[in-house]
Amino acid sequence: MDTSAVKQPVGDKVELIKTRMPTVYKMIQDKAAEVGNDAYVWVRQGLRGEVNRFYAMERGYVVGTPFNISAINAAVAVNMVQFGVDACCIWPMEVTRGAH
């Protein structure tokens, strides 16, 4: 199977983040410093259309897939307007292994 057609859209979106969304790109790097390579996995999953993985906005650019948890979307929208946020990344909730 030729996977170049599948990989290209994600590659284009990664390039968009790197070239047009500098604050989001920095947020991704910061998240990777915090949680490791999972951050990059989440980004690529969101860019491929998986919900609840990664969604970001900056200066009119939007990448990733919206979360299907309405409370998150509403809270983000209110806070972006209320505090004048120029860029935003939404990440999945981290699961703590062994926690109840």
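**Basis of the entries.** I am working on a predicted model, in which local features need pLDDT of at least 70 and side-chain atom pairs count only at pLDDT 80 or more, while totals for chains, interfaces and linings use all residues. Residues are numbered from 1 along each chain as its sequence is written, and side-chain values use heavy atoms, with hydrogens and water left out.

**Confidence.** I looked up pLDDT, the predictor's confidence in each residue on a scale from 0 to 100, and found a mean of 87 for the protein, with 85% of its residues at 70 or more. Where pLDDT is low, the predicted coordinates should not be read in detail.

**Burial and contact range.** I took buried as under 20% relative accessible area, exposed as over 50% and partly exposed as in between, with a 1.4 Å probe and protein chains only. On that basis, buried residues make up 30% of the 100 residues in the protein. Among contacts between residues at least 6 apart in sequence, I noted that 56% join residues at least 24 apart.

**Nonpolar cores.** I next looked up the nonpolar cores, each a set of buried Ala, Val, Leu, Ile, Met, Phe, Trp, Tyr and Cys residues joined through side-chain atoms within 4.5 Å. The largest has 17 residues, of which Ile17, Val24, Phe54 and Trp91 touch the most other members. Two or more residues come from each of α1 (4-20), α2 (22-35), α3 (38-47) and β3 (87-90), and the largest share, four residues, is that of α3. Setting aside neighbours within four places in sequence, I listed the contacts of Trp91 as Met27, Ile28, Lys31, Ala39, Trp42, Val43, Arg53, Phe54 and Phe67. A second, separate core has seven residues, including Tyr55, Val76, Met80 and Ile90.

**Glu58.** Is Glu58 buried or exposed? Glu58, which lies in strand β1 (residues 55-58), counts as buried because its relative accessibility is 3%. Its side chain reaches the backbone nitrogen of Val24 at 2.9 Å, a polar contact being a pair of N or O atoms within 3.5 Å, where within protein one must be able to donate a hydrogen and the other to accept it, and residues adjacent in sequence count only if both atoms are side-chain atoms. Beyond four places in sequence, Glu58 is in contact with Met21, Pro22, Thr23, Val24, Asp86 and Ala87. I also noted that Glu58 and Ala87, 29 residues apart in sequence, are 4.2 Å apart in space, C-alpha to C-alpha.

**Ala32.** I placed Ala32 in helix α2 and noted that Ala32 counts as buried because its relative accessibility is 12%. Leaving aside neighbours within four places in sequence, Ala32 is in contact with Ala39 and Tyr40.

**Cysteines.** A search of the whole structure for disulfides, meaning pairs of cysteine sulfur atoms within 2.5 Å, finds zero. Cys88 is in no disulfide, and its nearest cysteine sulfur, that of Cys89, is 6.7 Å away. I noted Cys88 as buried at 11% relative accessibility, and Cys89 as buried with a relative accessible area of 14%.

**Helix α4 and positive phi.** Helix α4 (residues 70-83) has 14 residues and reaches 20 Å from its first C-alpha to its last, close to the 20 Å expected at 1.5 Å a residue, the expected span being 1.5 Å times one less than the number of residues. Just after α4, Gly84 takes a positive phi of about 65°. Which residues other than glycine have a positive phi? I noted Asn52, with phi near 65°, in the loop between α3 and β1, and Arg59, with phi near 45°, in the loop between β1 and β2 (61-64). Arg59 is exposed, with a relative accessible area of 56%.

How values were computed: Contact means heavy atoms within 4.5 Å.
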